[in-house]
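Please brief me on this model.

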Amino acid sequence: MQIVIVGDGKIGSTLAEQLSREGHDITIIDRSGAPLQQTAEDLDILCVEGNGATCATQKEAGVDNADLLIAVTASDELNLLCCLVAKKLGAAHTIARVRNPEYLSSLSLITDDLGLSLCVNPELACANEIARSLRIPTAIKTDTFAKGHVELLKFRLPEGSILEGRALMELPALVRAKLLVCVVERGEREVYIPSGQFRLAAGDRVSFVASLRDAQAFFRQTRLAASPIRQVILVGGGRIAYYLARQLLDSGLGVKIIESNYARCEELSVLLPKATILHGDGTNETVLLESGIETADAFAALTGIDEENILMSLYVRKTWPKVKVVTKLIRHSFQNIIGAMDLGSVYNPRYSASNQICRYVRAMQTSEDSAVETLYKLAGGRAEALEFRAAKGSAVCGAPLQSLQLKKNLLIGCINRGGRILIPSGSDTIAPGDTVVVVTTVTGLKALDDILDKRRG
């Protein structure tokens, strides 16, 4: 596909990397030549320097023949204008990043009137992911499938756990919950799509698929369950903190926000009257103690400075190990070092947005019946979890799963059949209309039939 990206910032460069890796023809536009030069060297893609909202620049980038334009500059209004111009020039689809909370209530109107294919709010998407992870404190990350009926949860296996040293085939004898372990991250670089013989080790980051009820039962039965979260402290009063606090307050949780900018504190006190807004420096140990960190159930470092967030999270993890810690990071460099740190649940808004956009791009390439419905990047992008709807006539329908010649490093995590969730065995089958969750290190799957290894068939 011919894709034009306007804005070579954090999200723009991330999208360019992911989409070019999937084989798309990418052109990126930016006003500044410096980031474009770096992107051209790193990715070997076409770069155009100029104003992405003008017809001349968009024509130079080939927008008139593009399948998709994605506008992710720092300005919401400029992004919307870029999409409007692109539609007039003939771009088939347009996506805009819109971050301002003031536009949240009118997003559907904006989308319809401007003919946008998708509006993406990275901070809201990231806040949604954090809020989901707080429902099950033991999990360091939580994603959902099947309209919320299925959870994909990741947790770190502690030393001394009853699961340590156990083969996955032994789990049914230890716990009664129905689940499927689908990804194991070990150390800094190793990622496994495990078989039944795979043995777990302390420190593994284990991802499994289950219903919410079975996930909670699994953590209880393995003595890994943490206490429910009732009080949350957020450091940093930016957009993510606002979106997150609003969701937590609506759920009945107590929320305190520590913000160093007094004017922003006043704004938040009006926007979030049920929250406690504290003016202070969250990196100051005294401020954290006075905020009540000792009695909090969860702590989220959400400032705009990665180093501050890392410092605070490490301090809280070491001093109050029972407090669930969430760390927001903006950069994507030094991942090996960051992955070795005990930062709790780590979130990056750029990946929240890129997941949404990559899912839409995959869906554009397939028929409506077999399109990707949900997509999440796992293990730093080295694995994917996808949800497909099985179409009538699909090659995977009707045959027992054990007879299908699947690609290597691929698992069928669950089947959703009209709201009934199946953790599949080898004798189960896929029927037309089912939605199927697939977890794999084989990136770029576009349709359910792509899970078959046709060379082996």
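Buried means under 20% relative accessible area, exposed means over 50%, and partly exposed lies in between, with a 1.4 Å probe and protein chains only. At 31% relative accessibility, Arg246 therefore counts as partly exposed. This is a predicted model: local features need pLDDT of at least 70, side-chain atom pairs count only at pLDDT 80 or more, and totals for chains, interfaces and linings use all residues. Residues are numbered from 1 along each chain as its sequence is written, and side-chain values use heavy atoms, without hydrogens and water.

**Helix H6**

- Helices (H or I, at least four residues) and strands (E, at least two) are DSSP runs, numbered from the N terminus.
- H6 has 14 residues and spans 21 Å from its first C-alpha to its last. That is close to the 20 Å expected at 1.5 Å a residue. The expected span is 1.5 Å times one less than the number of residues.
- H6 is mostly covered, with 12 of its 14 residues buried. Among them are Leu124, Ala127, Ile130 and Leu134.
- At the start of H6, a side-chain oxygen of Asn121 comes to within 3.2 Å of the backbone nitrogen of Glu123. A polar contact is a pair of N or O atoms within 3.5 Å; within protein, one must be able to donate a hydrogen and the other to accept it, and residues adjacent in sequence count only if both atoms are side-chain atoms.
- Arg132 sits in H6. It counts as buried, at 19% relative accessibility.
- Arg132 touches Thr142, Asp143, Thr144 and Tyr376, leaving out residues up to four places away in sequence. Contact means heavy atoms within 4.5 Å.

- H14 covers residues 349–364, 16 residues in all. Its first and last C-alpha atoms are 23 Å apart, close to the 22 Å expected at 1.5 Å a residue.
- The buried residues of H14 include Pro349, Ala353, Ile357, Val361 and Arg362.
- At the start of H14, a side-chain oxygen of Asn348 reaches to within 3.0 Å of the backbone nitrogen of Arg350.
- How do H6 and H14 lie relative to each other? Their axes come within 8 Å and cross at roughly 100°. The two helices are therefore roughly perpendicular.
- H6 contributes Pro122, Ala125, Cys126 and Glu129 to this contact. H14 contributes Pro349, Ser352, Ala353 and Gln356.
- Axes are lines fitted to C-alpha atoms, for helices over the stretch in contact, and angles run from 0 to 180 degrees between N-to-C directions. Angles under 35 degrees count as roughly parallel, over 145 as roughly antiparallel, 65 to 115 as roughly perpendicular and the rest as oblique.

**Nonpolar cores**

- A nonpolar core is a set of buried Ala, Val, Leu, Ile, Met, Phe, Trp, Tyr and Cys residues joined through side-chain atoms within 4.5 Å.
- The largest core has 41 residues. Ile5, Ile70, Ile430 and Ile451 have the most contacts inside it.
- A second, separate core has 28 residues, including Leu234, Ile240, Ala275 and Ala298.
- Ile70 touches Ile3, Val4, Ile5, Val6, Leu15, Leu19, Ile95 and Ile357, not counting residues up to four places away in sequence.

- Glu22 lies in the loop between helix H1 (10–21) and strand S2 (25–30). It is buried, with a relative accessible area of 17%.
- Beyond residues up to four places away in sequence, Glu22 touches Arg362, Lys377 and Glu384.
- Ala210 belongs to strand S11 (residues 205–210). Its relative accessible area is 0%, so it is buried.
- Arg246 is in helix H9 (residues 239–250). Leaving out residues up to four places away in sequence, it touches Leu104 and Leu272.
- Arg246 and Ala275 are 29 residues apart in sequence and 8.7 Å apart in space, C-alpha to C-alpha.

**Positive phi**

- Arg223 is not a glycine, yet has a positive phi of about 60°. It lies in the loop between helix H8 (212–221) and strand S12 (231–235). At 67% relative accessibility, Arg223 is exposed.
- Asn409 also has a positive phi, near 60°. It is found in the loop between strands S19 (383–389) and S20 (410–417). At 45% relative accessibility, Asn409 is partly exposed.
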